[in-house]
Amino acid sequence: MNLNIALLPGDGIGPEVLAQAVKCLQAVEETFNHQFIYREAVVGAIAIDRKGNPLPDTTLNLCKEADAVLFGAIGDPKYDNDPNAKVRPEQGLLKLRKELGLFANIRPVKVFPSLIQNSPLKQEVIDGTDFTIYRELTGGIYFGQKHLNEDGTVASDLCEYSEQEISRIAHLAFKAAKNRRNKLTLVDKANVLESSRLWRKVVTKIGESYPDVQLEYMFVDNAAMQIILNPSQFDVILTENMFGDIISDEGSVIGGSIGLLASASAGEDSAMFEPIHGSYPQAKAQDIANPIASILSAAMLLEHFGLYEEAMAVREAVDKSLKKGVVTPDLDSKSQYGTNQVGDFVAENIVDNGDDFNMNDENIDLGKSTII
Ligand code: IPM
Ligand code: MG
């Protein structure tokens with residue numbers, strides 16, 4: 001298959017984790033005879049620094065022309081700590097999502113058996129956790145009208161949803177539930193918010209067309225508690241933009257590190273793949289950032305184009321790295337492996353997907369790498 005992939009490394013650890021995902025895609029090309037063309041562009045704080053715009057037109061056009069976008073991370077402390085900044089890196093990502101029409105953000109939360117001990121939660125609580133969050137991505141409070149009064153003392157952000165915005169993602173979530181364990185949980189705040197009541201009405205109606213799927217409703221405050229108390233009760237969670245942002249970070253702790261969670265954002269004509277984590281500026285250029293979320297985002301990209309065997313090869317190579325302890329320090333504080341070595345290991349195991357590995361198992365068990 002020929003694919004045009006736009007690469008947006010972004011800020012902080014974005015470039016280094018994205019580079020590992022690209023290594024893995026190149027290994028897939030080589031092993032499965034595909035041809036991917038990569039074109040890179042700036043977004044976020046680096047784009048503000050270089051071009052005065054967090055999403056320059058050249059970047060947007062490159063993404064529009066591409067078959068898919070692979071995104072690194074966005075954000076920089078110099079903007080986080082300045083509430084008066086007029087231009088912010090995050091605006092680049094939000095505009096990109098809107099312009100590409102990426103209304104559905106899909107965030108799978110699964111526990112890797114080899115990492116159960118990394119979770120801050122007890123093993124009996126997290127056993128069997130496997131759910132996917134369908135987060136609406138181009139509406140709600142993120143995109144509603146913003147207002148700040150003249151003397152800067154009163155501010156508002158409007159949370160607005162239309163029936164059409166709710167229904168298009170609801171259909172995707174119901175279809176996903178049908179292919180999984182037939183359960184959909186709508187997370188909202190319908191006891192307080194009018195917009196949530198519209199979500200309930202629209203989703204309930206759509207649910208009638210999916211009689212096999214059990215639909216349940218949960219207030220977001222309770223959902224925040226249930227995700228920690230009993231995460232294995234969930235199959236597909238459907239929710240609006242900001243609730244999805246918050247509970248997906250919460251979901252990421254179940255697996256032991258936010259550095260493991262990938263996501264896909266899909267629209268009618270475009271698709272973008274990105275880790276759910278931020279730019280982690282403290283770790284920038286230190287070769288310690290976990291590249292797994294970025295690599296698994298590349299696996300989701302492959303699945304999006306029906307390349308299931310290829311995606312499986314990536315996932316199996318990731319499992320292998322976790323099992324062998326070829327992981328970054330967030331997963332094992334004594335680990336001597338860096339971002340690059342983890343990327344190399346995963347990529348090499350995609351190429352050689354048999355039992356014959358390039359790293360000497362004994363040395364790995366001793367914590368010594370043989371690939372360097
Ligand atoms: C995410 C991030 C973004 C969001 C930020 C960087 C704007 O937190 O993708 O979850 O809030 O959507
Ligand atoms: Mg977030």
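The buried residues of helix α9 are covered by elements that include β5 (130-136), β8 (183-188), β9 (214-219), β10 (236-239) and α10 (241-252), contact meaning heavy atoms within 4.5 Å. Helices (H or I, at least four residues) and strands (E, at least two) are DSSP runs numbered from the N terminus. This is a predicted model, in which local features need pLDDT of at least 70 and side-chain atom pairs count only at pLDDT 80 or more, while totals for chains, interfaces and linings use all residues. Residues are numbered from 1 along each chain as its sequence is written, chains are lettered from A and ligands numbered from 1 in the order in which they are written, and side-chain values use heavy atoms, with hydrogens and water left out.

Within α9 (residues 220-229), the buried positions are V220, A223, Q226 and I227; buried denotes under 20% relative accessible area, exposed over 50%, and partly exposed the range in between (1.4 Å probe, protein chains only). Viewed down the axis of α9, these buried residues fall within an arc of 110 degrees, so they line one face of the helix. The arc is taken from the directions from the helix axis to the C-beta atoms.

Helix α9 also holds D221, which counts as partly exposed at 46% relative accessibility. An unreviewed UniProt entry places the feature "binding site" at D221, D245 and D249; such positions are given in the numbering used here, with feature names shortened, and the annotations may be inferred rather than shown by experiment. The three span 29 residues in sequence, yet no two of their C-alpha atoms are more than 14.4 Å apart, so they gather at one spot. From this set, D245 and D249 belong to the lining of the second largest pocket. On a 1 Å grid over the protein atoms alone, a pocket is an open set of points with protein on both sides within 12 Å along at least five of seven lines, and lining residues have an atom within 4 Å of a point.

D245 lies in helix α10 and is partly exposed, with a relative accessible area of 25%. Apart from neighbours within four places in sequence, D245 contacts R107, R135 and Y142.

The largest nonpolar core has 85 residues, of which L70, L184, V203, L238, V346 and I350 touch the most other members. Such a core is a set of buried Ala, Val, Leu, Ile, Met, Phe, Trp, Tyr and Cys residues joined through side-chain atoms within 4.5 Å. Helix α11 (residues 292-304) supplies its largest share, 8 residues.

Technical notes
1 Å grid on protein atoms, 1.4 Å probe; cavity = no way out; pocket = protein on both sides within 12 Å on 5 of 7 lines; lining within 4 Å.
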